[in-house]
Amino acid sequence: MIEKVEYIVVISVATCFLLIIFGYSFSLFFSMFINIKRRIRGENSKLRPCASCGHSISRSAHLCPNCGHNYGKESGIYNSIIACFILGVFTLGAGIGALIEFLPDFMGKR
Ligand SMILES: [Zn+2]
């Protein structure tokens, strides 16, 4: 009985963990494709409109100089194709590694 509860807990934790990793990896690849599309369209000027006030600001800016809207530390990473690709591959690899590790639990063979 205790073994069964333990098994359910392990499966739930593993599923949440994998969903977070694959979700994060997916969002990285998604922003990479958005960046590539933007570059192909020639929209990759160094500027973007501020989400808060519409003022043209640098894509790598963490703060809007006009209204002070905070874009956080990750805005630079999400706007770089290479950074997105490397992080995406890394998280996907970690996710697959974890999936292989958890596979015996999912199959109920452990
Ligand atoms: Zn602004």
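Colleague: What makes C50, C53, C64 and C67 the protein donors of the zinc ion?

Modeller: Their SG atoms lie 2.3 Å from the zinc ion. Donors are N, O and S atoms within 2.8 Å of the metal (3.2 Å for Na, K and Ca), so these four SG atoms qualify. Water is not among the atoms, so sites may look incomplete. This is a predicted model: local features need pLDDT of at least 70, side-chain atom pairs count only at pLDDT 80 or more, and totals for chains, interfaces and linings use all residues. Residues are numbered from 1 along each chain as its sequence is written, and side-chain values use heavy atoms, without hydrogens and water.

Colleague: Why is the site of the zinc ion called tetrahedral?

Modeller: Four donors count as tetrahedral if all angles lie between 85 and 135 degrees. The angles among the 4 donor atoms are 105 to 113°, so the site qualifies. The ideal for four tetrahedral donors is 109.5 degrees.

Colleague: How are the donor residues spaced in sequence?

Modeller: The pattern is C-x2-C-x10-C-x2-C. C53 sits in the loop between strand 1 (47-49) and strand 2 (56-58), and C67 in the loop between strand 2 and helix 2 (75-78). Helices (H or I, at least four residues) and strands (E, at least two) are DSSP runs, numbered from the N terminus.

Colleague: Why is C53 called partly exposed, and A98 buried?

Modeller: Buried means under 20% relative accessible area, exposed over 50%, partly exposed in between (1.4 Å probe, protein chains only). C53 has 35%, so it is partly exposed. A98, in helix 3 (residues 81-107), has 11%, so A98 is buried.

Technical notes:
Tetrahedral: all angles 85-135°; square planar, octahedral: opposite > 155°, others 65-115°.
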